[in-house]
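Please walk me through this model.

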Amino acid sequence: MRISGFVKLCFSIAVLMISISACAAPMPPRAESPAPTLSPALIAQGRAVYDAECATCHGAQGQGAVNWKIPADDGAFLPPPHDSSGHTWHHPDFLLLDIIANGGQAPNSKMPAFRDKLSMTEMRAALEYIKTFWNDEARQIQWTVTLNFPPPVK
Ligand code: HEC
C-alpha cells in the first residue's frame with residue numbers, strides 16, 4: 001500500500017515536471033517557408049524614399065548612428081542600424097511598418113511618424129529597400145518572424 005502510494009507520488013511529480021518543461025520550452029515556429037524574392041521595382045522606389053527621408057539618421061547603408069546602443073543625455077535612443085548588425089530584422093513587417101507610419105513608441109522617441117508624408121506604398125518600398133541591407137540569415141529569420149506574428153486583428 002505504502003509503496004503504491006510512493007509510486008503514485010513519483011508519477012504525479014513526473015507528470016508535473018513534464019508539463020512544466022513543456023510550458024517552458026520555446027514555441028516552435030508555426031510557419032516556415034523560404035523568404036520571398038524582393039521586388040526590384042519596390043527596391044528602386046524604396047531607395048529613393050530611403051535616401052531622401054531616412055538616410056540622414058539611419059545612414060546611407062543602414063549603418064545607424066555611431067554608438068547607437070548608448071542613449072543620448074535625454075534618454076532618447078539614437079537611430080539604430082537597419083543592416084544585419086542592428087535589430088530591425090528581429091521584428092515582423094507589421095511592427096516595422098507601424099513604427100515607420102506612427103513613429104517610435106517611446107514618448108521621447110526621435111523617430112518621426114511618416115503617415116502624413118509618405119503613402120503606404122512608399123513606406124512598404126522603404127522597408128523593402130531596408131531588407132536589401134540584411135544578410136541571408138537575417139532575412140530568413142525576419143520572414144519567419146513576420147509569418148508567425150501577423151498584424152493583430154483590430
Ligand atoms: C530624425 C531621425 C530619424 C529619421 C529621419 C528616421 N528615423 Fe527611423 N528611427 C530613429 C530613431 C532615433 C529610432 C530608434 C527608435 C525609437 O527611438 O523609437 C528609429 C527607429 C526606426 C525603426 C525601428 C527599428 C528597430 O530596430 O526597432 C524603423 C523600422 C525605422 N526607424 C525606419 C525608418 C524609416 C523607414 C525612415 C525613413 C522613411 C526613418 N526611420 C527615418 C530616427 C530616425
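## Overall layout

This is a predicted model. The chain holds six helices and zero strands. Read from the N terminus, its elements run α-α-α-α-α-α. Of its 154 residues, 19% count as buried. Consider the contacts in the chain with a separation of 6 or more: 61% of them join residues 24 or more positions apart.

## Helix 2

Helix 2 covers residues 40-53. It has 14 residues, which should span 20 Å at 1.5 Å a residue. Its end C-alpha atoms are 20 Å apart, so the span agrees.

Three residues of helix 2 are named as buried: Gly-46, Val-49 and Tyr-50. Viewed down the axis of helix 2, the buried residues fall within an arc of 100°, so they line one face of the helix. The face turned away from that buried side carries the exposed residues Pro-40, Ala-41, Ala-44 and Ala-52. The cover over the buried residues of helix 2 includes helix 3 (55-58) and helix 5 (120-131).

## Helix 5

Helix 5 has 12 residues. From first C-alpha to last, helix 5 reaches 17 Å, close to the 16 Å expected at 1.5 Å a residue. Helix 5 is mostly covered, with 10 of its 12 residues buried. Those buried residues include charged side chains by name, among them Glu-122, Arg-124, Glu-128 and Lys-131. Also buried are Met-123, Ala-125, Ala-126, Leu-127, Tyr-129 and Ile-130. The buried residues of helix 5 pack against helix 2, helix 4 and helix 6.

## The nonpolar core

Which residues touch the most other members of the largest nonpolar core? Of its 15 residues, they are Tyr-50, Ile-100, Ala-126, Leu-127, Tyr-129 and Ile-130. Helix 2, helix 4 (93-102) and helix 5 each supply at least two residues of this core. Helix 5 gives the most, with six residues.

Take Leu-127 as one example. Leaving aside neighbours within four places in sequence, Leu-127 is in contact with Asp-93, Leu-96, Leu-97 and Ile-100.

Ile-130 is another of these core residues, and it is found in helix 5. Why does Ile-130 count as buried? It has 23 other C-beta atoms within 10 Å, and the cut-off for a buried residue is 20 or more. Not counting residues up to four places away in sequence, Ile-130 touches Gly-62, His-82 and Thr-88.

Glu-128 has its place in helix 5. It counts as buried because it has 22 C-beta neighbours inside 10 Å. Setting aside residues up to four places away in sequence, Glu-128 touches Leu-38, Ser-39, Leu-42, Ile-43 and Gly-46. Gly-46 is itself one of the buried residues of helix 2.

Thr-132 is found in the loop between helix 5 and helix 6 (136-148). With 16 C-beta neighbours inside 10 Å, Thr-132 counts as partly exposed. Thr-132 touches Leu-38 and Ile-43, again not counting residues up to four places away in sequence.

The table gives C-alpha separations for pairs that are apart along the chain.

| Pair | Apart in sequence | C-alpha to C-alpha distance |
|---|---|---|
| Ile-130 and Thr-88 | 42 residues | 9.0 Å |
| Thr-132 and His-82 | 50 residues | 9.7 Å |
| Glu-128 and Asp-93 | 35 residues | 9.8 Å |

## The ligand shell

How many residues lie around the ligand? There are 26, and Cys-54, Cys-57, Gly-104, Ser-109 and Met-111 come nearest. By class, the shell has 15 nonpolar, nine polar and two charged residues. Helix 2, helix 3 and helix 4 each supply at least two residues of this shell.

## A loop residue with positive phi

Asn-67 lies in the loop between helix 3 and helix 4. Asn-67 has a positive phi of about 55°, although it is not a glycine. Is Asn-67 buried or exposed? Asn-67 is exposed, with 9 other C-beta atoms within 10 Å. The cut-off for an exposed residue is 12 or fewer.

Technical notes
Residues numbered from 1 in each chain as written. Predicted model: local features only at pLDDT ≥ 70, side-chain atom pairs only at ≥ 80, totals over all residues. Helix = DSSP H or I, 4+ residues; strand = E, 2+ residues; numbered from the N terminus. Expected span 1.5 Å × (residues − 1). Arc of directions from axis to C-beta. Contact = placed C-beta atoms within 7 Å. Core = buried A, V, L, I, M, F, W, Y, C linked by C-beta atoms within 7 Å. Near = placed C-beta within 6 Å.
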